[in-house]
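The sequence and model are shown first.

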Amino acid sequence: MVFCIAKKELTDTWRDKRFRWVSLLLIVLLVVSGLVSRNYYQRIQAEHEEAREAARAQWEGQAAKNPHSAAHFGTHAFKPVQPLSMIDNGLDKYLGISVFLEAHRQNQAQHILIADQNALARFGELTPAFVLIYLLPLLIILVAYGSVSGERESGTLRLVLSQGISKAQLALGKIAGIWLLVLLLVIPIFLFGLFFILSAASYQTEDLLRYGLMVVAFLLYFGVFVHVAVLVSTLAKSSNLSLLVLLFFWLVSAFMVPKFTANLSQYLHPTPDAITYQEELKEDLENGIDGHDPFNEFAKNFQDSVLLVHGVDSVQKLPFNYAGLAMQAGEEHERKVYDKHFNDLNAIYVAQLKTHEASAFLSPTVLAKMLSMQFARTDLKAHFHFARQAEDYRINLVRDLNYDIKDNASYGDWSYKVEQDFFKNTVRFEYKPITFSETWRAASGGMIFLSAWFLISLVFSLLAASRTKV
Amino acid sequence: MLHIIRFEFKNLLASRMLWWLAGLLLVLIFFAVYNGKNRTTAQLATIEKVSDLESEFYNNQAVMLDSIEQGLIKAPAAWQKDPSNPLRLGAFRGAGRYAVLMPKPLAVVSTGQSDIEPFYTRVSVVSKNAGSDNANFENPFNVANGQFDLSFVLVFILPLLVIAFSYNILSSEREQGTLRLLLSMPLYLHRWLFAKLVFRILFVIATVWALLLLAFLFFGVAVASADMAGLLAVTALYILFWFSVAYFVNLLHYSSAVNALMLLGAWLLFVLIVPSVANMAATSIHPVPSRVEYVIAQRDSKLEAEKNKEKLLAAFYANNLQLERKADSEKGWKESFRETFAANAYSDSLMQVVEDNYQSRLENQQAFANGFQFISPAVLMQNALNEIAGTGTADYKAFKQNVNNFHEEWAGYFMGKFYRDENIATTDFATFPVYAQKVKPQSDLLLHLVALGIFSGLFLGLSFLTGNRPKTKEPRVSDKKPKRRMAVAN
């Protein structure tokens, strides 16, 4: 019986011209956005690949010079683009594309792409995720707002119930019918998306797992809207009221809650202003973190310990160039300060994101957005993962340079120059993308929350149906 | 006509929906202005902070120099700390003036680009780059979602309220059965409908203006500014546009429910779909120049400069025969710096070529993308509000130009002194270059107002072309099948 109702729902909606037009529009938008995103991804990927090679060539092609000069000359680490950014490019345009790696400084990623565009870009980018998260729920609302209330208004509700099904079964049938419709629409789209990813140059198997989870998250999200639509349709006095309430829900969920929480999260967890940040950083670099182990004290203690280990009383007597060792030790000591401030700032961002997650009890859209970004590796955590690896590489590269001074230059001789081929043998930056288990640690909470939305909305819609007056 | 207005007025005041919507709008506007005010206050606090830092530094130096000149203390041995050294006051750590972009009086209206562009930067001989050191840390997720500011309420939410007011302006009369009564009277239906519309337009505009003024006064925003007139005008025209769309849809003689759906579709189209499609079109047809290539090109310039350093230094000394080229071990700090500055100037000139190339291509792309604003009134409105608030792309572009100009002036002054081997005296402090906003951003407000007016005119024009057959019966049915899910008019 439930299946009968589902089939009727499907047939009726399929015949509705509005549904056809809107779903056609959505399909067109999805296909176009997919193609454009793929083109963009392939172009950017090629650019980044070229840039990585060019940067390495520039590094290796340096004239013979003192390694410490090379450390100041520095090099760049370019952030790789992820294949799933074709579906959801998340925060990629809001975060820097490259990090400048040099001695004595930990830099932040530069060149935020959104700043190169004008206000039109702030209206949102047409990616497949945008269409699925913002526009598909509207289609669901359009289809489902009158599912029960329309039956009530046209008098057919009593007729259907008189056939001998319970009200809850009727609601379930409606839900099933709308689900079939949604699946009919999105399954080909998701298969198409899979084909996109397979045709992209550099996907890993893990990307397919991530894509699968993105699909699951989207389906849960659509489910929430299906259940809520039937719920509201059951409770509303008229179809018009049902539509109004559902649209209000969509508006609140998609726009008002995320923007409200943006301001709220900044209020609850304020970020430092740049001046304060720089001042505190400078102070900690000189005087040590919280005044412990200031730099000159550290340098002296380090020197003493090295002299002790080698059993000599002055640095000139050491079997290697002390300057190289000392510079590396200093670099790693300073790094701790930079890392502390970086991690503190990151902690504030994470707290702000947790505020957004908490706001999801009003807005499933926030959950869908965050999960989609996390699985696509285009969220904040993935960016910081890259920034940390770039920093580790910086220390390793500078170590190669400093230890060359330690091993091959004599103490006090700053005119020491390396051979031409030296730079070819320095370490390369091999970026390992954020693993699935790391993503899952952050995403599991969101998935559970979204599943809770799914189940609770289902339960409520069935409950409301069983108690509704006919 | 007066009857109609009086009746409409009473009708509206009695309508509960009106009070709910007005209340909602009040809450939203107040919240939005509150957020904007917080943002602006934080900016002003930062500006005061950097201004204090700057004056503290220069006051200390002036005091120290004064004591030295009067013979009270000796000049410091370290040349880096000597306050008469032009490089100490113009180039080294701590030196430099802060160029700030003061928030305009109505900055609360729109966050615009202020969450991704820096609004202050330290300018010294060696630095003028706002981007790298002055990022005010904004969570990228918040930037991507956007802030709950007044422009969000006006661009996104206000049209929905206008639609709520006007979706059934004609269809409700038909559905309530009063249309027959009206038509039985000797009045021009269209004049009556138009009067009803005009009244509602003026009512909504007056309400929104009143709420804006109330919120501004409550939060202490400067209302007596020229920008205020612009804000009121652009709000009025935006409201007019949405009313004209509603009028047009009503004159197609569908039912209220269908009207509502069509108007919501129009809202989605103009506010959500068209802007994102336009953005996609703009960046596909005319892609933004690649920053990645830019970074590589800059590095190539640096490498080039490094390779030619020896040649450059030789040329430098050849052009300045009065200077003697000493060996590295005998160079004093002045000689070292002269060489460093010469090398930097050469390197900078090469990098400037890359920069200029990039900027001109970027400007072309932005000019192209800017043209797309004319296909959506929502984008026009957003751009107009950004301009009124002083947070638009043009404002920050002008700021960058002013910073560049100031940098040239500052470097010219201090480097001039350095090259002429002149020291700074306390009397010079008053002549240090001061930042001034000489380049003003280009104003497109009039253009936006006209474009919004044209949009409204378009829909009003369309309305006059259609809807000449008022139907008193059920809503027009476009095909033979009965429409499902519609509330059947009884």
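Does Ser376(B) count as buried or exposed? This is a predicted model in which local features need pLDDT of at least 70 and side-chain atom pairs count only at pLDDT 80 or more, while totals for chains, interfaces and linings use all residues. Residues are numbered from 1 along each chain as its sequence is written, chains are lettered from A in the order in which they are written, and side-chain values use heavy atoms, with hydrogens and water left out.

Ser376(B) counts as buried, at 1% relative accessibility. Here buried means under 20% relative accessible area, exposed over 50% and partly exposed in between, with a 1.4 Å probe and protein chains only. Ser376(B) sits in the loop between α14 and α15 of chain B; helices are DSSP runs of H or I with at least four residues, numbered from the N terminus. Leaving aside residues up to four places away in sequence, Ser376(B) touches Phe270(B), Val274(B), Pro275(B) and Phe455(B), where contact means heavy atoms within 4.5 Å. Phe455(B) is 79 residues from Ser376(B) in sequence, and the C-alpha to C-alpha separation is 8.9 Å.

The interface between the chains comes next. Chain A contributes 91 residues to the contact and chain B 82. Together the two chains bury about 7,500 Å², 63% of it on carbon and sulfur atoms; buried area is the accessible area (1.4 Å probe) that two parts lose on being put together, summed over both. Across the interface, 27 residue pairs are in polar contact, both at pLDDT 80 or more. On the side of chain B that touches chain A, the largest share, 16 residues, comes from α11(B). A polar contact is a pair of N or O atoms within 3.5 Å; within protein, one must be able to donate a hydrogen and the other to accept it, and residues adjacent in sequence count only if both atoms are side-chain atoms.

The rule asks for a side-chain nitrogen of Lys or Arg within 4 Å of a carboxyl oxygen of Asp or Glu.

| Salt bridge | Closest N to O |
|---|---|
| Arg56(A) and Glu60(A) | 3.0 Å |
| Glu151(A) and Lys174(A) | 2.5 Å |
| Arg200(B) and Glu8(B) | 3.5 Å |

Arg200(B) lies in helix α9 (residues 189-218) of chain B and Glu8(B) in helix α1 (residues 2-14) of chain B, so this pair ties together parts 192 residues apart in sequence. Arg200(B) is buried at 10% relative accessible area, and Glu8(B) is buried at 2%. Arg56(A) and Glu60(A) are separated by about one helical turn because they are four residues apart in helix α2 (residues 17-60) of chain A. Both Glu151(A) and Lys174(A) are buried. In chain A, a network of salt bridges links Glu331(A), Arg335(A), Asp339(A), Arg388(A), Glu391(A), Asp392(A) and Arg394(A).

On the surface, Phe260(A), Leu264(A), Tyr267(A), Leu268(A) and Tyr34(B) form a nonpolar patch with about 500 Å² of accessible area together. Patches are made of residues with over 30% relative accessible area and no salt bridge, like charges being joined within 9 Å and nonpolar side chains (Val, Leu, Ile, Met, Phe, Trp, Tyr) within 5 Å. Accessible areas come from the Shrake-Rupley method with a 1.4 Å probe, and for residues only the protein chains shown count as cover. Helix α9 (residues 239-268) of chain A supplies the largest share of the patch, four residues. Leu268(A) is found in that helix and is partly exposed, with a relative accessible area of 46%.

Technical notes. Helices (H or I, at least four residues) and strands (E, at least two) are DSSP runs, numbered from the N terminus.
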